[in-house]
Amino acid sequence: MGEAARVIPAEIVAGLGHMGLGRPLHGEPLTGGVSSDIWRVELDGGPVCVKRALPKLRVAADWQAPVERNRYEARWMQVAAAAAPGAVPALLGQDEATGCLAMAYLLPAEHPLWKAQLRDGLADADFAAAVADRLVAIHAATANSAAVAADFPTDRIFFDIRLDPYLGATGRAHGDLAARFQALIATTQANKRALVHGDVSPKNILAGPRGPVFLDAECAWYGDPAFDLAFCLNHLLLKSLWNRAVHAGFQRCFAALAQHYFAGVAWELPAALEARAAGLLPGLLLARVDGKSPVEYVTREEDRELVRRVARPLLLDPPVRLAAVAAAWNREFDA
Ligand SMILES: Nc1ncnc2c1ncn2[C@@H]1O[C@H](COP(=O)(O)OP(=O)(O)OP(=O)(O)O)[C@@H](O)[C@H]1O
Ligand SMILES: [Mg+2]
């Protein structure tokens, strides 16, 4: 950002006061926040990061989201920190009145964004495996927990900001697949098994010195862990359209992530979870070109067509293995 410090929003100053963290000396907005105001602020003890949920997302389509998701993001961070130490920035506080949370500020030089690494061709399968290890640890620690489920009554928010804009909207764009998308939504809603992050995307994962750090849990929901797995794998497929030369490396990341994830699944039959993830994956793939939130780096119509050629047959005749989705994706790249 810049030379001069910016004026910290009054709600963030008030929120820090309510959390007992004191008055900020100065602050700077961080880039990337589509759904929140996110600031680095200097307190007496050093920098912290403050995030405040906005009622309307900064995206092209009109997209409203209730601000109480900030509360569930803070709750998710606490549960995740206990389940997978080091997997989240330390939570310093949350203030209901202003919809703010404060967390440890992680230095960008030591915490590059995984998305930027992938874009630049750094496809590290060991890192993808570590993402899976931490994600599945969070799912395993929260599986079949009535207490955790009761802390995340976010079915409505999850429908409004995940299931409908991705799956519902894509079903509306592809009328012949509408019933399939409705079935995917119903199956996902019916499998309330573990604490879901809801936005496990490389743009929300930092590559820290001690492993992956997950950010941005505003979609937290007690529901189907297959959603998180499929959501993340989808990004590893799509990255081949961003950096074609690294296609094979992205495929190795995909395989490592899936393998490590399933090694940690003990709360249900891994094959059952895999079938749900394999069913969701083509839906999420198509969603990122024809849903409400298309990825910004798929810009050529021929690339959108490639995604449709892979995803549509797999929606009409759903696979039960993730390897079948990867194989269909590879066939298009080798064609
Ligand atoms: N604790 C932190 N320390 C340092 N930087 C952070 C921290 N939390 C977030 N950031 C930076 O701010 C960016 C946006 O954070 P986050 O994803 O939580 O916000 P968001 O508004 O939900 O963003 P988006 O909608 O674009 O995903 C991150 O990509 C990261 O660069
Ligand atoms: Mg984010």
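This is a predicted model: local features need pLDDT of at least 70, side-chain atom pairs count only at pLDDT 80 or more; totals for chains, interfaces and linings use all residues.
**Strand E7 and its partner**
- Strand E8 (residues 211–214) pairs with E7 in the antiparallel sense, over 4 bridges.
- To pick out a bridge on screen, find Ile205: its partner in E8 is Phe214.
- Between E7 and E8 you will see a hairpin, which joins them through 2 residues.

**The magnesium ion**
- Asn204 (OD1) and Asp216 (OD) coordinate the magnesium ion (ligand 2), at 2.0 to 2.1 Å.
- These two residues link distant parts of the chain, 12 residues apart.
- Asn204 sits in the loop between strand E6 (194–196) and E7, whereas Asp216 belongs to the loop between E8 and strand E9 (221–223).
- Asn204 and Asp216 are both buried.

**The second largest pocket**
- The volume of the second largest pocket is about 150 Å³.
- Two elements give two or more residues to its lining: helix H9 (247–263) and helix H12 (322–334).
- H9 gives the most to this lining, with 6 residues.
- Among the lining residues are Phe254, Phe262, Glu274, Arg321 and Leu322.
- By type, the lining divides into 7 nonpolar, 2 polar and 2 charged residues.

Technical notes:
Residues are numbered from 1 along each chain as its sequence is written. Chains are lettered from A and ligands numbered from 1 in the order in which they are written. Side-chain values use heavy atoms; hydrogens and water are left out. On a 1 Å grid over the protein atoms alone, a cavity is a set of points where a 1.4 Å probe fits but cannot get out, and a pocket is an open set with protein on both sides within 12 Å along at least five of seven lines; lining residues have an atom within 4 Å of a point. Grid points are joined across faces, edges and corners, and a volume is the space filled by probe spheres set on the points. Ala, Val, Leu, Ile, Met, Phe, Trp, Tyr, Cys and Pro count as nonpolar, Asp, Glu, Lys and Arg as charged, and the others, Gly among them, as polar. Two strands pair if DSSP finds at least two bridges between them. Donors are N, O and S atoms within 2.8 Å of the metal (3.2 Å for Na, K and Ca); water is not among the atoms, so sites may look incomplete. Buried means under 20% relative accessible area, exposed over 50%, partly exposed in between (1.4 Å probe, protein chains only).
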